[in-house]
Amino acid sequence: MGTEESLLKLPLAETFNLETAVCSHGLFMMSPNRWDPLSRSLSRPLHLSNSLDNTDIPSVSVDVTICQPQQDPHSLRIEVRNSASGSAPSLSQEQQDALLAQVKRMLRLSEADERNVREFKRIVRQVAQEEGEETQYMEDFSGRVFRSPTLFEDMVKWPRTLSMARALCELQWELQHCSPSISEDFIPQTPAGKESKRRQKVSKVASKLTSRIAESKASSEDYMNLKLDCAGVLEENVQPSFPQNDIESDLHGLNELSTTDPPSARDRIGNFPSPRELANLDESFLAKRCNLGYRAGRILKLARGIVDGQIQLRELEDMCNEASLTAYVKLAEQLSQINGFGPFTRNNVLVCIGFYHVIPTDSETIRHLKQVHARNCTSKTVQMIAESIYGKYAPFQFLAYWSELWHFYEKRFGKLSEMPYSDYKLITATNEKCNSLQLSSKESEALSSFVDQQK
C-alpha cells in the first residue's frame with residue numbers, strides 16, 4: 001500500500017463479526033468510541049504512534065472509521081482522516097502499522113485471541129451436550145470482549161463513569177487546540193518534591209487556566225450550544241452494597257453507562273489522552289476540569305509512573321502471551337502495587353489483558369446470580385458461588401459469565417448494538433437498582449423465560 005492511501009484493510013478470520021466484537025462490553029459506549037447502529041461502524045481517534053508512553057514524541061491523532069463491508073466480510077475497511085481537516089492523510093508504513101496494531105488490540109484480532117474464541121465455543125458445545133443446557137447465546141457471543149486501543153486507556157477507565165471518560169477526551173481536544181501560553185499555565189514547572197511549597201501559586205494557575213479555557217470555549221457559538229445541550233447529563237451517585245477496596249465501585253463496564261449525546265454533539269471530543277499528555281498536568285486542575293475528585297491524583301501517579309519508566313505497560317501485556325497461571329500471578333502482583341488498583345479493578349484490567357479464568361465480582365454479580373441462578377451470596381461468598389456455576393467453562397469462566405449477563409440485558413432492553421445513545425441510561429446500575437422490583441410484564445416474562453433456561 002502506498003503512503004498516500006487513507007484506506008487500510010485488515011484480513012479477518014471466518015468467525016469474526018464486527019458488530020458482536022465491538023458491542024460486547026460497555027466500554028464501546030464510552031468516549032471517544034462512537035458506534036453507529038445504522039452503518040454498523042466504529043469511529044474514534046487513534047494515535048499515529050505506538051510509542052507515546054515514555055517518549056517525547058508529540059501526540060498526533062487521526063480519526064478512523066472501521067466497518068466490515070457486506071461485499072467483503074473477510075476484511076475490515078479502515079478509513080483514515082485528519083482530525084482537523086477531515087482530508088486523507090499521508091501515512092508512512094510505520095504509522096499504518098501503528099493504526100492497525102491499535103485496531104487489532106481493540107477487537108482482539110491476534111492469533112491467540114482467535115484460538116481462545118474457537119476453544120471457548122468448543123467448551124460451550126461440550127457442556128451443552130453433556131449437561132443438556134441451553135447455551136446458544138454463548139455460542140452466539142463473539143468470544144471477544146471489546147477493549148481500548150491501549151492498556152493505559154483501559155486502566156484509567158476502570159472503574160470510571162461515562163461522563164469522566166468524555167471529560168478526559170474533551171480535555172485532550174483542549175490540550176491539542178489551546179494556545180501554547182495556555183498549555184504552559186497548567187504544566188507545573190516546579191520539581192515534584194517542591195510542589196507542595198507552591199500549592200497556592202499552582203491553585204491560582206489552575207484557576208487561571210479554567211477561566212481562560214472557558215473564554216476560549218465561549219468564543220465558539222457552536223460549542224456553547226453543545227454544552228447547553230449536554231447540561232445536566234450526569235450520572236447519579238451510586239453507593240456500593242458492600243465495601244470495595246480503593247477506587248473500586250459496584251459497577252461493571254456494562255453498568256457504568258449513562259445518557260450520551262448524539263454524534264453531532266461530539267465535535268469537541270478528542271482522543272483519549274496519552275500518559276505524557278496527563279503526566280504534567282496539575283492535580284487540582286485535572287480534578288476540577290474532569291470531575292475526578294481524589295481519582296485525579298491516582299490517574300496522575302499512573303501516568304507519571306509510565307512516563308518515568310517505573311510502570312512498563314508493554315512488558316505487562318507481553319507477559320499475557322505466556323497464558324499461564326504463573327504469568328497471571330505475576331501480573332496481578334504488579335498491578336496490586338499500583339495505587340488504586342484493588343481486586344475488582346485489578347481483575348477487570350486482567351480481563352482486558354486477556355485472562356478469563358477469574359470473574360471480577362461486585363454487587364452486580366450478586367444481583368445477577370440471585371435473579372438468574374436463584375443463588376444468594378454475599379461479598380465473601382460470591383467468588384466461590386460464581387466459580388461453582390461457571391467453573392465448567394474453565395479457563396473461560398469470565399466469558400461464560402459475561403455472555404450470560406450480556407444476553408440477560410439484551411433480553412430486557414433489546415439488542416444493545418441497536419440502542420440509541422439516549423437509551424444508554426437504561427442499563428446503568430442506578431436504573432437497574434431502582435427498577436429491579438418494577439419490571440413490566442413483558443420484561444418479567446423475558447426474565448422468567450431466561451431463568452428457566454438456566455435451571
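I take two strands as paired if DSSP finds at least two bridges between them, and I take helices (H or I, at least four residues) and strands (E, at least two) as DSSP runs, numbered from the N terminus. The model is predicted, so I keep to its cut-offs: local features need pLDDT of at least 70, side-chain atom pairs count only at pLDDT 80 or more, and totals for chains, interfaces and linings use all residues. Residues are numbered from 1 along each chain as its sequence is written, and side-chain values use heavy atoms, with hydrogens and water left out.

**Strand β4**

I looked up the neighbours of β4 and found that β4 and strand β5 (residues 75-82) pair in the antiparallel sense over six bridges, with V62 opposite N82 in β5. Strand β3 (residues 41-47) also runs antiparallel to β4, joined by six bridges, and there S43 has T65 as its bridge partner.

**Aromatic pairs**

I paired rings of Phe, Tyr and Trp (its six-membered ring) with centres within 6.5 Å, calling planes under 30 degrees apart stacked, over 60 edge-to-face and the rest tilted. This rule gives 12 aromatic pairs. The rings of W402 and W406 have centres 6.1 Å apart and planes at 35°, so I noted the pair as tilted. Both lie in helix α18 (residues 397-413), four residues apart.
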